[in-house]
Amino acid sequence: MENGMPLLGDKLPSLVVKTTHGIKHVPEDYKGKWLVLFSHPADFTPVCTTEFVSFQKHYDDFRAVNCELLGLSIDQVQSHIKWTEFMNDKLHTKIEFPVIADDMGKVAEKLGMIHPGKGTNTVRAVFVIDPNGVLRLVIYYPQEIGRNMDEILRSVKALQTSDKHGVACPANWPDNELIQDQVIIPPASDEATAAERRGIANAFDWWFAYKKI
């Protein structure tokens with residue numbers, strides 16, 4: 001893969017990165033786990049600070065579903081350390097996940113995280129990477145808008161559910177307006193199956209059937 005945002009389904013390129021927890025090999029060090037790799041524009045900025053506090057507040061929820069967090073920005077590791085010290089001292093929040101110090105911008109450039117028209121600042125990118133190192137979901141936010149951690153966690157849970165059960169998850173799952181916490185069965189791919197689906201209790205039509213898991 002050349003420099004630029006990887007596509008869904010791509011294997012994340014192997015990266016050796018300096019972090020607040022020492023050298024990490026990504027995605028190899030996270031094999032067998034889900035990973036949320038997220039970039040932020042810069043340390044010591046208000047929106048980013050609220051995001052880091054919120055990620056930490058949700059960290060146990062991510063770990064409960066076998067998912068780790070890994071931050072990134074184009075700052076030196078000393079800046080990251082001073083900033084996390086501030087959050088611990090002033091905001092009573094100890095950041096327990098590592099933060100990549102991409103001071104040369106090489107990782108951000110390789111992953112397409114540089115914000116166009118914003119100099120060297122990184123966008124608020126969210127990459128959800130599966131236990132095999134494959135990129136499964138990407139969300140981009142502008143600098144002005146902080147991320148919704150509940151949605152990121154929901155996305156990880158939805159991907160895990162889809163993988164485990166071979167189903168699709170509806171809008172707002174598990175609180176969908178039509179089928180609540182149920183999931184969507186893959187559409188029929190032949191006439192016989194389509195005929196069987198017509199008239200069953202959990203189907204609006206042969207192409208829209210659902211079930212409880």
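Visitor: Where is His80 found?
Guide: His80 is found in helix 3, residues 77–90; a helix here is a DSSP run of H or I with at least four residues, numbered from the N terminus. The model is predicted: local features need pLDDT of at least 70, side-chain atom pairs count only at pLDDT 80 or more, and totals for chains, interfaces and linings use all residues. Residues are numbered from 1 along each chain as its sequence is written, and side-chain values use heavy atoms, with hydrogens and water left out.

Visitor: Why is His80 called buried?
Guide: The relative accessible area of His80 is 1%. Buried means under 20% (1.4 Å probe, protein chains only), so His80 is buried.

Visitor: What makes the pairing of His80 and Asp43 a polar contact?
Guide: Their side chains come to 2.7 Å. A polar contact is a pair of N or O atoms within 3.5 Å, one able to donate a hydrogen and the other to accept it, so this pair of side chains counts.

Visitor: Which residues is His80 in contact with, leaving aside neighbours within four places in sequence?
Guide: Contact means heavy atoms within 4.5 Å. On that basis His80 is in contact with Thr20, His40, Asp43, Ser73, Asp75, Val99, Ile100 and Ala101.

Visitor: How do you know that the span of helix 1 agrees with its number of residues?
Guide: Helix 1 runs over residues 46–57, which is 12 residues. The expected span is 1.5 Å times one less than that number, so helix 1 should span 16 Å, and its end C-alpha atoms, 17 Å apart, agree.

Visitor: Which residues of helix 1 are buried?
Guide: Cys48, Thr49, Glu51, Phe52, Val53, Phe55 and Gln56 are the buried residues of helix 1.

Notes:
Helix = DSSP H or I, 4+ residues; strand = E, 2+ residues; numbered from the N terminus. Buried < 20%, exposed > 50% of the residue type's maximum accessible area, 1.4 Å probe, protein only.
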